[in-house]
Amino acid sequence: TFADPRLDALVDEAISRNPDLRVAASRVEQSAAYAEIARGALRPSVNLAGTATGSGSTGSDFSSGLQGLMVSAAWELDLWGRLRYGSSAAEFSYASAQADFEFARQSLAAQVARAYFSAIEAAQQEANAQETLKLYEDYLKLTDVRKQQGFSSDFELAQVKSRTAAARDTLYLAQSARSQAIRAIEV
């Protein structure tokens, strides 16, 4: 958790909707099933089979009889460790799949957090750029009035115009960066 409800909600949504993460979760389930099968090979197995005869007509008139019942038990001795090693390999594969899933989940959360913080930073930079542009526009008006009154030169007015234009460019770049950061969160 990031102690920010909006960011936590974005991370939860990204995790629940990410197709790659769903695939990784399926791999974890598959590895768990393989590990259980491998562990089962180490245990004895018991099988029960029977044969029945039946005769019946329509409806619930069905009678059956048990003709035979067969019970078998088997247990493979693991003298050379083949089954134990296979079980261990399946357990390690399962642990690996779990680690891959957790890494993918944490990586996705980090990407969302990075994009979220970038969007916040871009919004602050945009606000600063807007404030800076407003100050330069006010300064440009003041310099123009001072020029008309003879207190400023053409050079001074040209410098302020140039700085105002640069502030507009900076605002445009900040707005573009904010839009890109928001798109990164959406993706």
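A polar contact is a pair of N or O atoms within 3.5 Å; within protein, one must be able to donate a hydrogen and the other to accept it, and residues adjacent in sequence count only if both atoms are side-chain atoms. This is a predicted model, where local features need pLDDT of at least 70, side-chain atom pairs count only at pLDDT 80 or more, and totals for chains, interfaces and linings use all residues. Residues are numbered from 1 along each chain as its sequence is written, and side-chain values use heavy atoms, with hydrogens and water left out.

**Exercise 1.** Find what Asn18 reaches at the start of H2.

*Solution.* Helices are DSSP runs (H or I, at least four residues), numbered from the N terminus. Look at the start of H2: a side-chain oxygen of Asn18 comes to within 2.9 Å of the backbone nitrogen of Asp20.

**Exercise 2.** Work out which residues of H2 are buried, and where they sit around the axis.

*Solution.* Buried means under 20% relative accessible area, exposed over 50%, and partly exposed in between (1.4 Å probe, protein chains only). Step one: the buried ones are Leu21, Ala24, Val28, Ser31, Ala35 and Ala38.

**Exercise 3.** Identify the salt-bridge partners of Glu36.

*Solution.* A salt bridge puts a side-chain nitrogen of Lys or Arg within 4 Å of a carboxyl oxygen of Asp or Glu. Glu36 pairs with Arg39 (2.5 Å, N to O), and Arg43 also meets Glu36 (3.5 Å, N to O).

Key: Helices (H or I, at least four residues) and strands (E, at least two) are DSSP runs, numbered from the N terminus. The arc is that of the directions from the helix axis to the C-beta atoms.
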